[in-house]
Amino acid sequence: MAIQRIEYTHTFENQLHQHLSWLAKYVGAAAAERQLLEVLDQFEARVRDHPVSAPVCEEAADLGLTDYHDYVDTTLQVRIIYRFDPSAETILGMLFLNTRQSMRDALVQLCLRQE
């Protein structure tokens with residue numbers, strides 16, 4: 001199945017920019033941007049070819065959200081939580097998190113912003 005679009009929520013974009021700012025303090029702005037773009041490129045390449053290859057996100061499934069997948073980049077220790085809509089052939093990046101961040105808190109914030 002060919003993925004037609006990959007989109008990102010405002011929450012995802014905000015979290016990505018926050019992570020960029022944090023990472024830039026340690027490696028510089030250019031290196032931080034390069035590293036995060038590489039993570040996004042790898043994520044997009046993987047889900048374009050295999051949209052449900054990342055495991056179902058356990059924390060989301062515990063809350064009844066069984067269609068959220070959890071892509072983890074072990075190098076930067078970040079997670080991309082996404083949904084796949086097969087009818088629209090679309091991937092929606094929902095959350096961009098550090099692996100130590102609270103998934104439950106992030107999901108609550110996401111749900112509150114969508115109302």
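Modeller: A residue is buried when its relative accessible area is under 20%, exposed when that area is over 50%, and partly exposed in between (1.4 Å probe, protein chains only). This is a predicted model, in which local features need pLDDT of at least 70 and side-chain atom pairs pLDDT 80 or more, whereas totals for chains, interfaces and linings use all residues. Residues are numbered from 1 along each chain as its sequence is written, and side-chain values use heavy atoms, without hydrogens or water.

Colleague: What share of the contacts with a separation of 6 or more comes from residues 24 or more positions apart?

Modeller: A contact means heavy atoms within 4.5 Å. The protein chain has 115 residues, of which 38% count as buried. Among its contacts with a separation of 6 or more, the share from residues 24 or more positions apart is 51%.

Colleague: Which strands are the edge strands of the sheet?

Modeller: Two strands pair if DSSP finds at least two bridges between them. The sheet is open, with mixed pairing of four strands in the order E1-E4-E3-E2. Pairing on one side only marks the edge strands, which are E1 (5–8) and E2.

Colleague: Which residue of E3 is the bridge partner of Asp-73?

Modeller: E2 and E3 run antiparallel and are joined by six bridges. Within E3, the bridge partner of Asp-73 is Val-78.

Colleague: What is the relative accessible area of Gln-77?

Modeller: Gln-77 is found in the loop between E2 and E3, and the hairpin of these strands has four residues between them. Most residues other than glycine have a negative phi. Gln-77 has a positive phi of about 60° although it is not a glycine. Gln-77 counts as partly exposed, because its relative accessible area is 33%.

Colleague: And what is the relative accessible area of Glu-89?

Modeller: Glu-89 lies in the loop between E3 and E4. Although it is not a glycine, Glu-89 has a positive phi of about 50°. Glu-89 is partly exposed, with a relative accessible area of 26%.

Colleague: Is His-69 buried or exposed?

Modeller: His-69 belongs to strand E2, which spans residues 68–73. Five of the six residues of E2 are buried, so this strand is largely enclosed by the rest of the structure. Leaving aside neighbours within four places in sequence, the contacts of His-69 include Val-52, Cys-57, Ile-80 and Tyr-82. Because its relative accessibility is 9%, His-69 counts as buried.

Colleague: Within what arc do the buried residues of H1 fall?

Modeller: The buried residues of H1 are Thr-11, Phe-12, Gln-15, Leu-16, His-19 and Leu-23. They line one face of the helix, because, seen down its axis, they fall within an arc of 125°. The arc is that of the directions from the helix axis to the C-beta atoms. The value asked for is therefore 125°.

Colleague: Which exposed residues lie on the face of H1 turned away from its buried side?

Modeller: H1 has 18 residues and reaches 25 Å from its first C-alpha to its last, close to the expected 26 Å. That expected span is 1.5 Å times one less than the number of residues in the helix. Just after H1, Gly-28 takes a positive phi of about 90°. The face of H1 turned away from its buried side carries the exposed residues His-10, Gln-18 and Lys-25.

Colleague: Which elements do the buried residues of H2 pack against?

Modeller: H2 covers residues 29–49, and its 21 residues reach 31 Å from the first C-alpha to the last, close to the expected 30 Å. The buried residues of H2 are Ala-31, Ala-32, Leu-36, Val-39, Leu-40, Phe-43 and Val-47. These buried residues of H2 pack against E1, H1, E2, E3 and E4.

How values were computed
Helix = DSSP H or I, 4+ residues; strand = E, 2+ residues; numbered from the N terminus.
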